[in-house]
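Biologist: Can you walk me through the contact between the two chains? Keep it short.

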Number of protein chains: 2
Amino acid sequence: VAIDRLSEAQIAQALNSLHGWMHAADCRAISKSFCFRDFSEAYAFMTRVALAAEKADHHPDWSNSWNRVDIALTTHSAGGITRRDIDLAKIIESIAL
Amino acid sequence: VAIDRLSEAQIAQALNSLHGWMHAADCRAISKSFCFRDFSEAYAFMTRVALAAEKADHHPDWSNSWNRVDIALTTHSAGGITRRDIDLAKIIESIAL
């Protein structure tokens, strides 16, 4: 199913309803860094995100270094940011709370 | 416990006993990319590595994008590559088989 890229205005509006997600210029993704107490907490968070991502069939590009998790969300098939990225960002926020 | 950095010769020798790990010049890490059938397989691999890393108290710097996992191993406290990185690389190889 094709899904449309969001406009810059739509992205800005969506980011207003999120917390701390950034959309760097020239960057076809929204991103956020999360820090935890240690690796165990970071990986527990990642595992909950992994399950949610698999369920949504929409997966993050992400990296981890000990207590830190950097997440970038983009829709590769659309070549940019779509509603699916915003939806996954909201789920990730609910997990990180 | 302080642990010594390996010399270039020691690193080269250790990489000979591994498969496909690279040590880029100017890069204080050894690295390897792993590809799997899908996200589920990639994350299952990551979870086994995470458990081994936590057990060894030595953690990878790594990233994931769907079926791909890029792993870099370094010993931050030593400012370079140590025996701990080689040992973890061997464990990761055994998991990836």
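**The A–B interface**

Modeller: No salt bridges are counted between chain A and chain B (side-chain nitrogen of Lys or Arg within 4 Å of a carboxyl oxygen of Asp or Glu). This is a predicted model: local features need pLDDT of at least 70, side-chain atom pairs count only at pLDDT 80 or more, and totals for chains, interfaces and linings use all residues. Residues are numbered from 1 along each chain as its sequence is written, chains are lettered from A and ligands numbered from 1 in written order, and side-chain values use heavy atoms, without hydrogens and water.

Biologist: How many residues does the contact take from each chain?

Modeller: Chain A gives 16 residues and chain B gives 16 residues (heavy atoms within 4.5 Å).

Biologist: How much area do they bury between them?

Modeller: About 1,300 Å², with 56% of it on carbon and sulfur atoms. That is accessible area (1.4 Å probe) lost on putting the two parts together, summed over both. A:Phe39, A:Tyr43 and A:Trp62 supply 40% of what chain A buries against chain B, more than any other three residues.

Biologist: Which element gives the largest share of chain A's side?

Modeller: α2(A), with seven residues. Helices (H or I, at least four residues) and strands (E, at least two) are DSSP runs, numbered from the N terminus.

Biologist: Now strands. In what sense do β2(A) and β2 of chain B pair?

Modeller: Antiparallel, over five bridges. Pairing needs at least two DSSP bridges between the strands. A:Trp62 stands opposite B:Asn64 in β2(B).

Biologist: What rotation superposes chain A on chain B?

Modeller: 180°, with 0.0 Å of shift along the axis and an RMSD of 0.0 Å. That is a two-fold axis relation.

Biologist: Which residue of chain A comes closest to the rotation axis?

Modeller: A:Ser63, at 1.9 Å (C-alpha).

Biologist: Same surface or different surfaces on the two copies?

Modeller: The same surface, because 100% of the interface residues of chain A are also interface residues in chain B.

Technical notes:
Least-squares fit on C-alpha atoms with pLDDT ≥ 70 in both.
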